[in-house]
Every structure is written in structure tokens, then in C-alpha cells.
Amino acid sequence: MATAVEKWVEEMAQLCKPDKIYWCDGSEEEAHRLIEIGMTQENINGNPIFTKLDQKEWPNSYYHRSHPSDVARTEHLTFICRKDKESIGPTNNWMDPDEAKRKLEPLFDGCMKGRTMYVMPYMMGHPDSPYAKACVQITDISYVVISMRIMTRMSKSVLDKIGNSDNFVRGVHSIGNLDPENRYIMHFPDENLVWSIGSGYGGNALLGKKCFSLRIASWLGLKEGWLAEHMALIGVEDPQGKITYMAVAMPSACGKTNLAMLESTLPGYKVWTLGDDIAWLNVGDDGQLYAINPEAGYFGVAPGTSMKTNGNMLKALKKGTFFPTLFTNTALDTDKNEPWWEGLGTPAPAHALDWQGNEWDPSKTSKAAHANSRFTVSAQHTTNLAKEYSDPKGVPISAIILGGRRANTVPLLVEAFNWQHGVFIGARSGSETTAAAIGQEGVIRRDPMAMIPFCGYNMGDYFAHWLQVGKNIKKAPKIYSVNWFRLDDEGKFIWPGFGDNIRVLKWIIDRINGKVGAKETPIGLLPNLNELSLEGLDISSARMEKLLEVNPSEWVKEAADIEAFLTQFGAKLPEALAQELKSLKANLS
Ligand code: OXD
Ligand code: MN
């Protein structure tokens, strides 16, 4: 008797009409075999699927170039499909589920003719965690298979775990014809189902990542009392050896990966990483907030990653274990057969192909690597991987940090007065858009908890859910806002960032332990300058004051923008947050 997975795969095969069906086992041998085949196959954009890089410098590393129109998430082509439009709210694109299927079925019909259908069984989360989810994704490109093997726990044993049940998350993916006109990423939360066609880009095509672990999982969290969040997970060890665990939300391409891999400039402090992008938070039986990372790898932005800014990551990229490492849309140094990107910290190559495969002229201003070019690397390569990474229980969270990219207005560091105020700080957060999503860069948009592209339901309900989770926690973690990106009058970053961000984390630990004070401002609690550890840092107190400035006229404008954003949730906006907005305005006047 066929299992539910087999029946579903058969149904999908009838629709997509592949030449072959291949069931992935997640083994090392399989990865090598698929890469070898991929090196001889052209992607439909005319590039080989994989190119082997110099194996001495970059062991077990391969290069992939995507279609030039397919280099980032496409939020305008991403839909949540439920009958009840109000339930998905004003910040998501909505489509009726029947209409979505009517639109997609003709696109999927025969889309895998001449191709192989790969069937990937995988877990999101440690298999022994009660929050882990068994998933099956199909795809028609081996680049997605190898990426998923790095990013998830892919194994044929997942099929045994699912057995005959139909309790598994379904993902259907095809690169289709890579035509942006025929590109859709559709989520069906009521069926734990994602359909994605027309893109091979990570955020659109690795369906266990944003599509399941955030958009669909946020629905599961709402129903089951937990939170699926766009957060890195770190443990900060102090000189006494005590580790404080923190969950850090930041919009895409705003430094979560760098923070997760931070090399401390303060002696005695060390950052351990559990994850760089997604955290699932739950209230444990002991009333504490716990977090797990459902992923197993990092899909990080390459440009700007150097030995100086993120040495731990470069070491991971060069580690080379039985998990391959992928580079996508970086430049290719053709003399050395090595990946290269702006900000790698090595001289520009004499001869290189840019991310589109054209000869690159270093004298021109055009970038060699795409601004959103990526590496895909296993967490097993991380030199600072926390030992609790393999603990199904996860880690107890003492601080939640909410970041954004703001040239002005928002100080380096603010502590919320309490959980409710922290939820308001999250709800009011804005950030400049980046190359991680197609669209204009550098425009400020409100991005509550960095979840605007990823919360699968009405954000009014999301805020209420955060408030409720806070009530269920015995000792709520403190909540902070951070902004590494404030500019001076010459447009230069004031704060050095990277390894020096440990100074901010240290203040947070000191606050948790009641060792330092804070001063009250209309927007929250700010550090006293003399209680921030700035030793060894070449930064004047005038510049520090600018970093910590709360400028009333900027904040009056900010409050008006926040109000316009929150008003769109109408009656769904929790009264507590409406009250917080009122107090912010009152405090400012
Ligand atoms: C990512 C993103 O790839 O947020 O993590 O876009
Ligand atoms: Mn992300």
C-alpha cells in the first residue's frame, strides 16, 4: 500500500510530468553524485549548474550563477492563500486558495518534462524536539537539492518518521521557465503547503526556510502558542564563563549573520552561535522562554564578509567537510578559480567574470558580485557553534534584540520599559530596504520584528500573540532595540560595528544582572555613556552622544509614521499598543 507521501508524489508527478523521479537520501555520496552531474548540465540560463572552485583554497566548494532576474526574494509575487482575507492582514498579498491553484496548475502542468523530479525528505528542527516538523519538498533542480541538504536535516529516515501518516509539510518547487511573469510563491497555511514556481533563489525556492519556517510556521505558532521569528540565536559567554542566550531579529541583510559569528573585541567575552536567521520560541514547562533554530546551515550575504568583519564565517567557508559549500552570484576570479566579492578584503582580481558571467572591468564602477550574492554553508562548519545546537530543548532566552538599519533617529541601543513596551518597540521598528528583496533599496519601511515579509497572518493578531506569549512567561526576557547604522554628517557610519558590537551585548548582560543603570527617555531606557565599555575604541564622546541621541523633532515625525503604519490594522491593533503609541506621543510633547 502506498504511503501518503508516495501518493502525493505520484499526484505531483502526474501534474509536472518529469522524465524521472529521484528520491533523495541526504547522503554525502548522493551530494557528490548530483554535483558531478550538475557540473555537466546547463541550467536553462546557459550556465552550468555547478562549477568546481579551487579545492585547495575552498575545499568542497562550488559556484552557481542564477538567471539575472532571479537574485533575491520577490515579495510582490509572494502570496498567502486563505479563504479569509482579513486573517492574513494588510501587509501580505492575498489570494483565494482555489484561485491560486487554478492559476498555478497550468504553470506546473508539464513543467518538469525533460527534467528529473527530486523528492527531498527533511526535518526542520532537531528531530527529537517536539516542535520539529517533518517535511517533503519536490524540485527539478539539483542546486536546490544541494542547498536544502546544507540548510536542513535531509535524510531518508524522515520518511520512516512520517510513515503512513499525512502529517508532513508539503513543498512543490519548479524553476519553470524562470520567467518573472510566471513566478509565484504561494502559501496555503491550512494545508501546510507551499507551491513555488519560476525562481531558484534561496528565499523563494528552499521552501523549508522562509516559506515554511516563517510564513507557515508563524500560523502554527499562533494556533499552538509559540512564535516563529526572523531571529539569529546566540550565547554570549562572559569572563566568568556564564553564557547568556539572546534572540536577535534584524531585517534581511542587516548583519544577523555577522552578529551570530561575532569575534569579540572585549577580552574574556565570546559569542557562541546557534543560528543566524530563524528561531522558534516557546514557553517551557518551567515558564521560561526557550528557542531552537529549525535550520542546519547559513545562507548568508557574501559582499562585505572578510577576515576583519567576519573571520569566523570565512573560516567556516574554507573548512570543507562532507557538506559542500555553495557560492551564488559572487564574481569568479578566472586566474585562480576562486569566488570573489566586494569587501572580501583581498585585492580585486586581475581577471574575473562578474555575477552575470561577463568579463569584469575593475576600472568601471559596476560591481563584480551581486549585492545579494550568497554563500550556503553548513552550521557544522562553524568554529563557534554552541554545544546546545544539538540539544532538542534549545536554550533559555534572557534578551530579545530587535535591530534595523537607520541612518538617523534611532539610537544605538534602547531598552524597553517592560515586555509590552518591547512589543511596541518591535511593532514600531523601521528599516531601510536592502538588496535581499527585489525593489528599491534604501527606502525606510516599517518592519515589525523584521517580520514584515515573513509573518503569514494579520500582524494585528501577531502583536496580540506576542503580548499573550509575554503573559505566559514567568520572568520575561528584557527587550532591546539596536541600530548599528547611524551616519554622521559626512555619511560615514559612526559605530564601528562587527566585533565591537560585543560592547552593546555586554551592556545588555550587565543590565540583566543589575550591574548598570539606565536613563529614561521618551522612547525607552538608554545607557549612561560612562557605563558602556568603550575601552580601546577610538570614538569621541561627541560621536557617542550622537549615537545615543533622541532628537525630539525627528521622533515626532517618526511617531507620525508609526501611527500611519499601525492605523492600517484597525480593530486588530491591540489596545495595549494603541496606549503605547499614545504615551510615546505624550512623552515627546
Ligand atoms: C534571508 C533573507 O535570506 O532574509 O535570510 O532574505
Ligand atoms: Mn533572513
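Let me start with polar contacts between domain 1 and domain 3. In this predicted model, the rule finds 3 residue pairs in polar contact across that interface, both partners at pLDDT 80 or more. Salt bridges are another matter: the count between domain 1 and domain 3 is 0.

Which elements of domain 1 face domain 3? Those giving two or more residues to that side are α2 (28–40), α4 (142–151) and α6 (202–205). The largest share comes from α4, with 6 residues. Sorted by class, the side of domain 1 that touches domain 3 has 8 nonpolar residues, 3 polar and 3 charged.

Now the extent of the interface. On the domain 1 side, 14 residues are in contact with domain 3, which puts in 8 residues of its own. Between them, the two domains bury about 1100 Å², and 66% of that lies on carbon and sulfur atoms. Three residues stand out in the area that domain 1 buries against domain 3: Y143, R149 and I150 supply 41% of it, more than any other three residues. The centres of domain 1 and domain 3, taken over C-alpha atoms, are 28 Å apart.

For orientation, here is how the chain is divided. Domain 1 is made of 4–47 and 72–223. Domain 2 takes 228–297 together with 389–588. Domain 3 is 298–373.

That leaves the ligand. Which residues are around ligand 1? They are R73, K210, H230, S252, D277, F299, R374, A436 and F454.

I will go through some side-chain distances to ligand 1. For S252, a polar side-chain atom is 2.5 Å from an oxygen atom of the ligand. For K210, an N or O atom in the side chain lies 2.9 Å from a ligand oxygen. For D277, the distance from a polar side-chain atom to an oxygen atom of ligand 1 is 3.1 Å.

Conventions: Residues are numbered from 1 along each chain as its sequence is written. Chains are lettered from A and ligands numbered from 1 in the order in which they are written. This is a predicted model: local features need pLDDT of at least 70, side-chain atom pairs count only at pLDDT 80 or more; totals for chains, interfaces and linings use all residues. Side-chain values use heavy atoms; hydrogens and water are left out. Domain bounds come from an automatic or database domain assignment. Contact means heavy atoms within 4.5 Å. Buried area is the accessible area (1.4 Å probe) that two parts lose on being put together, summed over both. A salt bridge is a side-chain nitrogen of Lys or Arg within 4 Å of a carboxyl oxygen of Asp or Glu. A polar contact is a pair of N or O atoms within 3.5 Å; within protein, one must be able to donate a hydrogen and the other to accept it, and residues adjacent in sequence count only if both atoms are side-chain atoms. Helices (H or I, at least four residues) and strands (E, at least two) are DSSP runs, numbered from the N terminus. Ala, Val, Leu, Ile, Met, Phe, Trp, Tyr, Cys and Pro count as nonpolar, Asp, Glu, Lys and Arg as charged, and the others, Gly among them, as polar. A residue is near a molecule or strand if one of its heavy atoms lies within 4 Å of it.
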